[in-house]
Amino acid sequence: MKFNISFPETGQQKCIDIDDERKVRLFYDRRMGQEIDGEALGEEFKGYIFRISGGNDKQGFSMKQGVLENKRVRLLLSAGHTNYRPRKKGERKRKSVRGCIVGHDIAVLHLVVTKKGPGELPGITDSPIPRRLGPKRASRIRKLFALDKGMDKKTKAEERDDVRKYVVKRKITREGKKEYFKAPKIQRLITAERLRRKQKEKAQKKERWTRAKEAAKKYNILLNNVLHERHVAEAKATQETAKA
């Protein structure tokens, strides 16, 4: 069985192949999400704790969390379910998925390091990979760099931390061309232009509401006058008919 081991802190992952049935047998009947001692795979993993995050069987069908079976089943899946991507709105499809219990038919098992041991694992924990892209959302940029959220109204706008100065940029280098930087467009950024636009929309909405209220008032006055005139005319016609 192959084990795909990943370590989120360094961003590395490595696939190892273990043929020893005594080591592999310790993973049988374990479910996705359960943790297991890394020493079961060998002495070099002593002190490590792994979490089973998924896997594939020998035919390539991936394991699905919540399906308490150690075999393949056919489920009716729709939008929002894992292991399925609908092509149309409201589409549902019956697909084969592998249960979340590990069995002998699993070809690749995905493990995530939740606790690091005393020793280093080459290709997994030894050399961290730098993060290529940073966050785009303004609140997440503030969280990453511990910036001021700007909620204190006593603080002036020019004294608050400017999120635009902390965007993670990456250098683009091409042979024979000038170097330049690329940065993502910040999402949910509150700017003076956005505040002005929202204030304008709010004023327009209030103006529409006032205009509609005045128009309804004029219409009701006009309607009452018309109904009154019609009522007077009908009463007059009734009196003339009674005299005749």
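Modeller: Arg-22 is exposed, with a relative accessible area of 62% (exposed means over 50%, buried under 20% and partly exposed in between, using a 1.4 Å probe and protein chains only). This is a predicted model, in which local features need pLDDT of at least 70 and side-chain atom pairs count only at pLDDT 80 or more, while totals for chains, interfaces and linings use all residues. Residues are numbered from 1 along each chain as its sequence is written, and side-chain values use heavy atoms, with hydrogens and water left out.

Arg-22 pairs with Asp-20 in a salt bridge, at 3.6 Å from N to O (a salt bridge is a side-chain nitrogen of Lys or Arg within 4 Å of a carboxyl oxygen of Asp or Glu). Asp-20 is partly exposed, at 26% relative accessible area. Side chains of opposite charge can pair when their charged atoms come close.

The structure holds nine salt bridges. One of them joins Arg-98 to Asp-105, with the closest N and O atoms 2.6 Å apart. Arg-98 is buried, with a relative accessible area of 0%.

Another links the side chains of Arg-197 and Glu-193, 3.7 Å from N to O. Both residues lie in helix α3, which spans residues 192-243, and they sit four residues apart, about one turn of the helix (helices are DSSP runs of H or I, at least four residues, numbered from the N terminus). Arg-197 is partly exposed at 42% relative accessibility, and Glu-193 is partly exposed at 39%. Salt bridges with shared partners connect Glu-193, Arg-196 and Arg-197 in one network.

Definitions and conventions:
Helices (H or I, at least four residues) and strands (E, at least two) are DSSP runs, numbered from the N terminus.
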